[in-house]
Amino acid sequence: MASKKALIRRPGPRLAEGLVTHLERTPVDVDLALAQWEAYGHVLRAHGWETVEVAPADDCPDAVFVEDAVVMFRNVALIARPGAESRRPETSAVEQALAGLGASLNRVREPGTLDGGDVLKIGDRIYVGRGGRTNAAGVRQLRAAFEPLGAEVVAVPVSSVLHLKSAVTALPDGTVIGYPPLVDTPSLFGPFLPVPEESGAHVVLLGGDKLLMAGSAPKSAELLAGLGYDPVLVDISEFEKLEGCVTCLSVRLRNLHG
């Protein structure tokens, strides 16, 4: 039976020092962030996900954004090589956790850089954002890892946001959703639905018609509810100050067996 596991990693004491690229730095309440992270994990578990906590990396302020450390396709893990050098120590414990879960492991190697947040999977199609954190060599290595497994890899430009999935994610039916001012080329994605808030572009598919979304996107949640989906809202305000969103706080593992 296929798995329904999610890797998560608790925020460390240096969270407030996390990188910001497209936002002005504002103070982060680390205690509130921990409470928000715990609530996020509770929502995952309440919807049938087994959370697997990766060993903390307290010297890495951005380590809570665990999605950036790996890209999964089927049972294969491509361990990332983050575009920000300060984030590269985050990957080792993620690799260890995935090895313990039985994943097949590959790694992005120099000169390639790849952040997991730059990768959007829709069935066997993998969109990879080529921008600030992921370079052309990283795109080539992702193709080499996953195209032999049946993936179709499509590279798309990213210029206005930190990662591709800061701009777009996808609904269960494959429709891509995004906040238009931040999407470089909507026509690359096939069916595209604009949403009225930046954080409304971020959904985690919990199963069935349920979508995990940020509480900062009530209009987008209302739009999606009107289309028959069931938004489940969480407050992640402290992570949004660091350009984080609901997708990057976990790695959903749907195709591991055992």
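Select helix 3 (residues 136–146) and look at the side that packs inward: its buried residues lie against strand 3 (70–73), strand 4 (76–79), strand 5 (104–107), strand 6 (119–122), strand 7 and strand 8 (152–157). Helices (H or I, at least four residues) and strands (E, at least two) are DSSP runs numbered from the N terminus. The model is predicted: local features need pLDDT of at least 70 and side-chain atom pairs count only at pLDDT 80 or more, while totals for chains, interfaces and linings use all residues. Residues are numbered from 1 along each chain as its sequence is written, and side-chain values use heavy atoms, with hydrogens and water left out.

Show side chains on helix 3. Ala137, Gly138, Val139, Leu142, Ala145 and Phe146 are buried; buried means under 20% relative accessible area, exposed over 50%, and partly exposed in between (1.4 Å probe, protein chains only). At the N-terminal end, Asn135 is the cap, with a side-chain oxygen 3.2 Å from the backbone nitrogen of Ala137. A polar contact is a pair of N or O atoms within 3.5 Å; within protein, one must be able to donate a hydrogen and the other to accept it, and residues adjacent in sequence count only if both atoms are side-chain atoms.

Next, select Ile126, in strand 7 (residues 125–130). Ile126 is buried, at a relative accessible area of 0%. Contact means heavy atoms within 4.5 Å. Ala151 is 25 residues from Ile126 along the chain, yet their C-alpha atoms are separated by 6.7 Å.

Move to helix 1 (30–46). Helix 1 has 17 residues and reaches 24 Å from its first C-alpha to its last, close to the 24 Å expected at 1.5 Å a residue; the expected span is 1.5 Å times one less than the number of residues. Its buried residues are Ala33, Gln36, Trp37, Tyr40, Gly41, Val43 and Leu44. They sit on the same side of helix 1 because they cover an arc of only 155 degrees around the axis, taken from the directions from the helix axis to the C-beta atoms. Turn to the face away from that buried side to find the exposed residues Asp31, His42 and Ala46. At the start of helix 1, a side-chain oxygen of Asp29 comes within 3.1 Å of the backbone nitrogen of Asp31. After helix 1 comes Gly48, with a positive phi near 90 degrees.

Now colour the largest nonpolar core, which has 25 residues; Tyr40, Leu44, Leu206, Leu212, Phe239 and Val246 have the most contacts inside it. Such a core is a set of buried Ala, Val, Leu, Ile, Met, Phe, Trp, Tyr and Cys residues joined through side-chain atoms within 4.5 Å. Helix 1 gives the most to this core, with five residues.Leu44 touches Ala6, Ile8, Trp49, Thr51, Leu206, Leu212 and Ser250, leaving out residues up to four places away in sequence. Apart from this core lies another, of 17 residues, among them Val70, Ala77, Ile79 and Val251.

Last, zoom out to the whole chain. Its secondary structure comes to six helices and 15 strands. Buried residues make up 54% of the 258 residues.
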